[in-house]
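User: I have a protein model open and would like to talk through it with you. Can you take a look?

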Amino acid sequence: MTKASSKNKPPEPPDPMPARVDPCLATLVDKPPNGHDWAFEVKWDGYRLAVHIVSDRVRLITRGGYDWTDRFPAIAAEAPRLKVKTAIFDGEAVVLDKQGRSDFGMLQRALSRRPAAHEPDEIIFFAFDLLYLDGCDLRRLPQRERRRLLEPILAGRDGAIRLSEEVEADGDELLRIACTHGLEGIIAKHRERPYRSGRRPDWLKITCSRRDSFVIVGFEPSEATPGAIGRLLLAARKGGELVYVGGCGTGWSRQESVKLRELLEEIETKSPAVNLKRKGAVFTEPFLVATVEYRAWTEDGKLRHPSFKGIREPADDATVFQLAP
C-alpha cells in the first residue's frame, strides 16, 4: 500500500465492534435491594434483543445469538434514524396491551406466520442499556455512565424504539405498585457495576409472581373440547435428568390449545422423558420449552397455580428451571 492510500484510509475505531454480546441476566431475589446505588425499571415480558447499528445496516440479535432482523421490521426500519454511527442497544421487544403492559402471548401472536390479531409493526423495542457507541465499547463503564449516554439518544421517542425509563422510587413501594397494576415485576441494577455477560448479582429481578421455563414432556387430552389439550405435563432439570413438576391446564384460548396439541402430536413418543405413569397421557419428546407463571411450589415439589404463557423458541435461549440436587 502506498503512503498516499494509507493516509486516505479511515482510522480504525478505538474499540472494534463485537459481532455479538452475550446479555447480562438478572438474578431472581425475593425483595428489592435498598440504597442509593440501585436503579429501578419495570420488568418487560418479551424477547431479549440486541440492536446492532452500523450506519444504515441493522441486525437484531436474540439472546440465543440468532439474527431475527426480518421478524421485527418496524424496529429494523427505525434503527437507522437514530443519531448514531455505530451502536449496540440492549433491550426487550414487547407488545403492549390496552393498559400499557407487556404481554408475551400477544407478542407471540404478532410474530406468528399465521394470520393474527396483532401485527409485527405493533412490536416495540424498549432499550435499557447501551453497550457500544460510535467506536467505543461501553461495557467497562458503570451502569450510571452507560445510562447517561443512552438517555439523550432515545429520550422522547414514541415509535418502535423507545427508552425503558428508570423510576425514582423506593424499591418496595415500586414493587407494590407494579403488582397492583398487573405488571410482571421490577428490575434493580447496581449503578456502579460494568456490563458483564451471564447471570450476575449486578442486576436483580423481583417478580409479582414467579415465572420460569419448563420442558413439555406430554399432555392430557381435553375431555370438554375435542382436539384440544386439557393439561400440559411439565418437567424441570435436576442434574442431568428431567423431573416431573406437575401439570398446567390454564392460560390458553381454545384455538391456541388446538394448535398446541397439533404441534405436540408431531413429537409424540412411547418412551416418557420422566418417571411418570398417567392413564390417558400422551408423552412427547422433550424438545419444547414452555413459559409458565405460578404462585409457589407445593411441599411435594409441584407447581402451585401454574398458568401457561407461551412457547419459548430456541432463538430465545430460554433457561429451563433447575431443581436443587
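User: How many disulfides does the count come to?
Analyst: The count comes to one disulfide, where a disulfide is a pair of cysteine sulfur atoms within 2.5 Å. This is a predicted model, in which local features need pLDDT of at least 70 and side-chain atom pairs count only at pLDDT 80 or more, while totals for chains, interfaces and linings use all residues. Residues are numbered from 1 along each chain as its sequence is written, and side-chain values use heavy atoms, with hydrogens and water left out.

User: Which cysteines form it?
Analyst: The disulfide is formed by cysteine 179 and cysteine 208, with their sulfur atoms 2.1 Å apart. Cysteine 179 lies in helix 5 (residues 171–180), whereas cysteine 208 sits in the loop between strand 11 (198–207) and strand 12 (210–221), so the pair ties together parts that are 29 residues apart in sequence. Helices (H or I, at least four residues) and strands (E, at least two) are DSSP runs, numbered from the N terminus.

User: And is that link left-handed or right-handed?
Analyst: The link of cysteine 179 and cysteine 208 is left-handed, with -95 degrees about the S-S bond.

User: What about cysteine 24 and cysteine 136?
Analyst: Cysteine 24 counts as buried at 1% relative accessibility, whereas cysteine 136 counts as partly exposed at 32%.

User: Switching to the backbone, which residues have a positive phi although they are not glycine?
Analyst: Serine 55 has a positive phi of about 55 degrees, and its place is in the loop between strand 3 (47–54) and strand 4 (57–62). Histidine 305 also has a positive phi of about 55 degrees, and this residue is in the loop between strand 18 (303–304) and strand 19 (307–312). Histidine 305 is exposed, with a relative accessible area of 55%.

User: Stepping back, how many helices and strands does the protein have?
Analyst: The protein has six helices and 19 strands. Its radius of gyration, taken over C-alpha atoms, is 22 Å, close to the 20 Å that the globule rule (2.2 Å times the number of residues to the power 0.38) gives for 325 residues, so the protein is as compact as a globular protein of that length.

Notes: Buried < 20%, exposed > 50% of the residue type's maximum accessible area, 1.4 Å probe, protein only.
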